[in-house]
Amino acid sequence: MTPPVPAAGAAGTDHLRWQCSRCAAFSPVGDLRYACTRCRWSGRLTLVIDYERIGAGRPPADVLLTDEHSLWRYARLLPLGAGGGGARRVRSRYVAGWTPMHRADRLAHRLGLGRLWIKDEAGNPSGALKDRASVVAVADALDRGRNVIATASSGNAGAALAGAAAAVGLRCVVFVPRGTPPAKVTQISRYGARVLVVDGDYDATVRLSTAACRRWGWYCRNTAYNPCTAEGKKTAALEIVEQLGWSAPDAVVAPVGDGNILVGLYRGLCDARAMGWIDRMPRLIGVQAAASPAVHRAWARGAADVRPAPAGTRAESINVGEPQDGFRALAAVRNTAGLMAAVEDEEIFAAVDWLAAESGVYAEPASAAGAAALPALVARGELGSADHVVLLNTGSGLKTAPSANGGSAIPVAADLHAVAALGMPDALDADSEVDLDELEQQW
């Protein structure tokens, strides 16, 4: 007998557990452990769901919160209940998800695809897919009584977090690497976040922000390190299959930096199949810039994990040398018989133009990397005239437009002592006795 589905908005999470992607150890969802401590923080946590408990095999309408035109319609598949205080507060003030999916027939004909849709994440409040991860993280931070939330970002994640934090009254600190587009810095600072421009690349920014979160007791939203990020992003995949009438496309194409978006898409597709809402898995095709190819390089050599690689693409949102979720991203590609592709910067920036001109979707360069790969994928026979393909637009092209005013950002060396000298806000549970030099060595 199938157990009853919990009441709409129920906040219980006893059907959920975290599992380490490396050592397979379990931990309760209620524990805030970020990455797996048994794997010395390298193991990313994946949500394990008792699907039968929430109605596997039943029609989606029996399980979804169908009155929610946001990512919270899938709340029973998220790591916190939709009825929890944090989720209720975010749901009413910062509506993310349920973005449009455009049918791009002209472009499909030009490329030689059977059908092409563009899932347009520019429709989110801050103009990027990262709103999905940030609202789930903010809801979790509220449930845990945190008063300061922080992240490392090349721009989009920081803007999404700053916007969501502003909507609910959380203090927010965003670390961005040098070279972050002024428009993104402006957006983050206008939301009231404290913006620190690190004298270093994205990878140095991640290390510094993680150490700072431990030093000042802030809730850390960092991509992949916080498991809520992939869980928020998986709602994009659930929307894709729902908007296609609960059917799976043949392939989903997405840009890759840290790899966390690929992981989120995979998690959402796994959930949909386990619930009986789709009968097969689409191929996941990840696209990197050839100038920042860490995940693609690992896939090409058949490796199970990703090693750091030089990062120098001008598509700054995917300019990542040490991907934070490379291990799981590779598994997602292989488990769906997918592939990784790499494109040159010249192809990426050309794709911004032709994608806009032939579909009406203006993508930022990092997002246009996915479109840039399509001609070669068709030429090589990886995709063809019988395939139905979804292209993920992860952010608006307006986010990289020149800005006359960069907002109030503070330059800082990639050093925790330099951050401390600025006078940072302590969180409610800050550990002021922690040794700064020891933290810098650890992270």
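Biologist: In what order do the three strands of the open sheet stand?
Modeller: In this predicted model, the order is β2-β1-β3, and the strands pair in the antiparallel sense.

Biologist: Which strands stand at the edges?
Modeller: Those are β2, residues 26-28, and β3, residues 45-49. Each has a single partner strand, so one side of each is left without a neighbour in the sheet.

Biologist: By how many degrees are neighbouring strands turned against each other?
Modeller: On average the angle is 40 degrees, with direction ignored.

Biologist: How many bridges join β1 and β3?
Modeller: Five bridges join β3 to β1, which covers residues 16-20. Within that pairing, Thr 46 of β3 lies opposite Gln 19.

Biologist: Where does Ala 24 lie?
Modeller: Ala 24 is in the loop that links β1 and β2. Its phi is near 70 degrees, a positive value in a residue other than glycine. As background, most residues other than glycine have a negative phi.

Biologist: Which other alanine has a positive phi, near 75 degrees?
Modeller: That is Ala 224. This residue sits in the loop between β9, residues 219-220, and α8, residues 228-243.

Biologist: Is Ala 224 buried or exposed?
Modeller: Ala 224 is buried, at 2% relative accessible area. Ala 24, by contrast, has 39% relative accessibility and therefore counts as partly exposed.

Biologist: Changing topic, how many disulfides does the structure hold?
Modeller: The structure holds zero disulfides. For Cys 213, the nearest cysteine sulfur belongs to Cys 220 and is 3.8 Å away.

Biologist: Where does α12 bend?
Modeller: The bend is at Ala 351 and amounts to about 25 degrees. Ala 351 is also one of the buried residues of α12. Others buried in this helix include Ile 348, Val 352, Trp 354 and Leu 355, together with the charged residues Asp 345 and Glu 358.

Biologist: Which elements do the buried residues of α12 pack against?
Modeller: They pack against helices α3 (105-111) and α13 (365-379), and against strands β5 (115-120), β11 (283-289), β12 (339-343) and β13 (388-393).

Biologist: What follows just after α12?
Modeller: Gly 360 does, with a positive phi of about 80 degrees.

Biologist: Back to β11, how many of its residues are buried?
Modeller: Six of the seven residues of β11 are buried, so the strand is mostly covered.

Biologist: Which strand is joined to β11 by five bridges?
Modeller: That is β10, residues 251-255, and the two strands run parallel. One of the bridge pairs is Pro 255 with Val 287 of β11.

Key: Residues are numbered from 1 along each chain as its sequence is written. This is a predicted model: local features need pLDDT of at least 70, side-chain atom pairs count only at pLDDT 80 or more; totals for chains, interfaces and linings use all residues. Side-chain values use heavy atoms; hydrogens and water are left out. A disulfide is a pair of cysteine sulfur atoms within 2.5 Å. Two strands pair if DSSP finds at least two bridges between them. Helices (H or I, at least four residues) and strands (E, at least two) are DSSP runs, numbered from the N terminus. Axes are lines fitted to C-alpha atoms, for helices over the stretch in contact, and angles run from 0 to 180 degrees between N-to-C directions. The bend at a residue is the angle between axes fitted to the seven residues ending there and the seven starting there. Buried means under 20% relative accessible area, exposed over 50%, partly exposed in between (1.4 Å probe, protein chains only). Contact means heavy atoms within 4.5 Å.
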